[in-house]
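The exercises below are meant to be worked with the sequence and the coordinates open side by side. Try each task before reading the solution that follows.

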Amino acid sequence: MTDALDVTLRLLIVFVVFLTFPLIVGQTEHKVMAHMQGRLGPMYAGGFHGWAQLVADGVKFAQKEDVVPAGADRRVFQLAPAVALLPYLVVLLAIPIGPGEGAVGQVLDAGVFFVLAVMGVGVLGSLMAGWASANKFSLLGGLRTAAQLLAYELPMLLTAASVAMAAGTVSLPGILDAFQWWWLPWQIVGAIVFFVAGLAELQRPPFDMPVADSEIIFGAYTEYTGLRFALFLLAEYAGIIVLCGLTTVLFLGGWHGPWGSDGLGWVWTLLKTAVLAFLVIWLRVTYPRLREDQLQKLSWTLLVPLSLAQIALTGIVKVVIS
Amino acid sequence: MSLVAATATATASAVTAAPATSLAADTHGFLSPTGVEIAFLLVGLVTFGAALVTVTTRQLVHAALWLVVTLGGLAVEYLLLTAEFIAWVQVLIYVGSVVVLLLFGLMLTRAPIGRSPDADSGNRWAALTVAVASAAALVWVVVDAFRATWIDLDGPAAGSTAVTGASLFQNWVLPFEALSVLLLAALVGAIVLSRKAKAESSSPPVNSRAGSGSSPSVPDSRNHPSGRKEPAQATDPVQATDQVGTTDPAEQEGAR
């Protein structure tokens with residue numbers, strides 16, 4: 001009975017995190033972007049500095065009609081948002097936020113492979129949406145999504161493999177247990193490559209070619225309305241949480257910190273994740289969108305060689321110190 | 001055609017999975033199967049069904065999506081057999097990359113909504129024969145090789161990453177290396193083929209941009225409308241996406 005209670009509690013906590021953290025990031029994005037552009041951002045909803053703006057947005061989305069275009073492939077069209085969103089919920093289960101088994105939804109033996117594999121599945125949702133909408137802009141968006149995923153999955157995997165090599169394990173809590181502070185400079189190239197590739201996989205600016213609004217309206221999500229559209233947006237922000245959490249765990253030492261990592265380790269994890277999420281928003285405001293060929297060039301001629309160099313460096317250091 | 005080949009393989013492996021299951025369940029404890037065994041059988045049936053739909057559906061993209069279900073089902077089967085590492089690699093490689101590549105190819109060339117009348121192959125009986133024969137061969141080999149091997153589902157995981165890695169790099173390192181060389185050869189071959197096609201297409205003087213070697217830039221072709229009707233030089237995926245990016249929306253509509 002206690003087992004069942006334990007599992008239920010963990011699932012519940014992960015679910016609550018999944019529902020609230022993306023909204024927090026979304027609200028932060030509203031405010032941070034506004035202030036970086038010399039605006040105030042949402043100020044009315046909820047009274048205090050527009051804190052309830054996204055709740056209001058959610059209510060608005062829920063009231064809208066759920067339209068399925070006449071020419072669309074109905075079932076695939078309706079299924080796509082779920083396929084895009086659920087993988088991120090599942091990935092959250094495997095991200096440890098503190099030391100010990102109590103601070104992770106589920107300890108997985110092959111955690112690194114699990115998270116990368118499941119994150120890759122999420123992109124299928126965009127592909128399904130792009131195809132099933134029967135809209136040329138959606139199709140173009142879907143195509144760009146697929147091309148982007150194929151280009152950026154490889155550097156992500158390679159850099160994650162570099163960390164796994166350094167730690168001698170592919171389990172996420174195991175990697176954190178093996179973490180030493182000097183891994184930070186050792187794996188810094190890998191960290192940057194992983195983060196950039198992750199941004200591209202999430203289609204966040206400056207890698208938002210698949211949803212480039214000035215060319216193809218909103219890419220694969222053009223035909224979506226109401227709650228299903230909101231689910232796609234939620235998937236994007238849940239993706240930010242997952243990417244920042246993963247970068248924290250793999251490269252920044254997760255719950256390790258200069259002090260208090262035993263009792264307050266989870267604070268370090270959340271802090272590092274929050275800083276990275278801020279960085280994601282900052283990048284969106286700072287950089288213009290990359291063109292499709294620049295996007296591919298960046299991956300194949302810069303990120304892949306860098307990640308291979310990181311793996312070589314990891315291997316050499318690993319052999320030298322052992 | 002690669003879709004047919006891929007689905008045939010998937011069917012074959014699904015077919016392999018199902019009978020192997022029933023055999024294990026039967027001999028181990030016919031009247032008291034454990035929960036894992038029942039789950040294994042049910043997932044096997046779902047996987048088999050999805051594989052069947054993959055090869056029989058008339059809608060191309062649906063076939064690819066059912067292939068996702070099939071490959072995912074196989075991953076679940078690996079999980080139930082405690083081979084966690086293999087399961088996630090299966091999802092990563094097949095669901096995350098191979099099917100995405102497949103869908104990309106479909107959407108790039110033709111992906112009509114609704115039935116494709118030409119999705120039916122005249123070779124269906126030959127294909128069925130080959131599929132059944134390869135499935136039978138696989139089942140026979142697997143059953144014969146692992147007749148007396150039991151997986152203790154309740155004990156420590158027999159397919160954990162450490163165990164898999166140790167057996168791969170201690171007992172099976174030679175086949176592993178041979179496979180890497182094979183893949184490398186395929187990679188080099190693909191590069192050679194694509195460069196050859198590029199060199200040929202750049203020989204007519206009209207198409208001067210393809211031979212320059214630099215990546216084609218989209219605004220460039222916009223500024224010079226005469227350059228838009230040049231013959232398709234989509235030999236590598238990078239250029240292929242570029243081509244689509246610049247395609248006239250009306251043409252795209254017509255293709256669908």
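**Exercise 1.** Which residues in helix 8 of chain A meet which residues in helix 12 of chain A?

*Solution.* The model is a predicted one, and this should be kept in mind throughout. Begin with helix 8 of chain A, which contributes Val189(A), Gly190(A), Val193(A), Val196(A) and Ala197(A), and then find their partners in helix 12 of chain A, namely Leu303(A), Leu306(A), Ser307(A), Ala309(A) and Gln310(A). Sorted by class, this contact holds seven nonpolar, three polar and no charged residues. For the geometry, take helix 8 as residues 188–202 and helix 12 as residues 292–321 of chain A: their axes come within 9 Å and cross at roughly 145°. The crossing of helix 8 of chain A with helix 12 of chain A is left-handed.

**Exercise 2.** Describe how helix 5 of chain A and helix 4 of chain B cross, and state which residues make the contact.

*Solution.* Two packed helices are described by the angle between their axes and the distance between the axes. For helix 5 of chain A and helix 4 of chain B, the axes come within 10 Å and cross at roughly 145°, and the crossing is left-handed. On the side of helix 5 of chain A, the contact is made by Leu139(A), Gly142(A), Leu143(A), Ala146(A), Ala147(A), Leu149(A), Leu150(A) and Glu153(A), while helix 4 of chain B supplies Gly96(B), Ser97(B), Val100(B), Leu101(B), Leu103(B), Phe104(B), Met107(B) and Leu108(B). By class, the contact between these two helices has twelve nonpolar, three polar and one charged residues.

**Exercise 3.** Examine helix 4 of chain A for its span, its burial and what follows it.

*Solution.* Helix 4 of chain A covers residues 111–132, and its 22 residues reach 32 Å from the first C-alpha to the last, close to the 32 Å expected at 1.5 Å a residue. As for burial, 22 of its 22 residues are buried. The helix is followed by Ala134(A), whose phi is positive, near 55°.

**Exercise 4.** Is Ala83(B) buried or exposed, and is Tyr44(A) buried or exposed?

*Solution.* Ala83(B) lies in the loop between helix 3 (60–80) and helix 4 (84–109) of chain B. Ala83(B) is buried because 22 other C-beta atoms lie within 10 Å. Leaving aside residues up to four places away in sequence, Ala83(B) touches Tyr78(B) and Gly159(B). Ala83(B) and Thr161(B), although 78 residues apart in sequence, are 8.3 Å apart in space, C-alpha to C-alpha. Tyr44(A), by its place, belongs to the loop between helix 1 (2–36) and helix 2 (53–63) of chain A. Tyr44(A) counts as exposed because it has 10 C-beta neighbours inside 10 Å.

Terms used:
Residues are numbered from 1 along each chain as its sequence is written. Chains are lettered from A and ligands numbered from 1 in the order in which they are written. This is a predicted model: local features need pLDDT of at least 70, side-chain atom pairs count only at pLDDT 80 or more; totals for chains, interfaces and linings use all residues. Axes are lines fitted to C-alpha atoms, for helices over the stretch in contact, and angles run from 0 to 180 degrees between N-to-C directions. Helices (H or I, at least four residues) and strands (E, at least two) are DSSP runs, numbered from the N terminus. A crossing is left-handed if the near helix is turned anticlockwise from the far one by less than a right angle, and right-handed if clockwise. Two residues are in contact if their C-beta atoms, placed from the backbone, lie within 7 Å. Ala, Val, Leu, Ile, Met, Phe, Trp, Tyr, Cys and Pro count as nonpolar, Asp, Glu, Lys and Arg as charged, and the others, Gly among them, as polar. The expected span of a helix is 1.5 Å times one less than its number of residues. A residue is buried if 20 or more other C-beta atoms lie within 10 Å of its own, exposed if 12 or fewer, and partly exposed in between; C-beta atoms are placed from the backbone.
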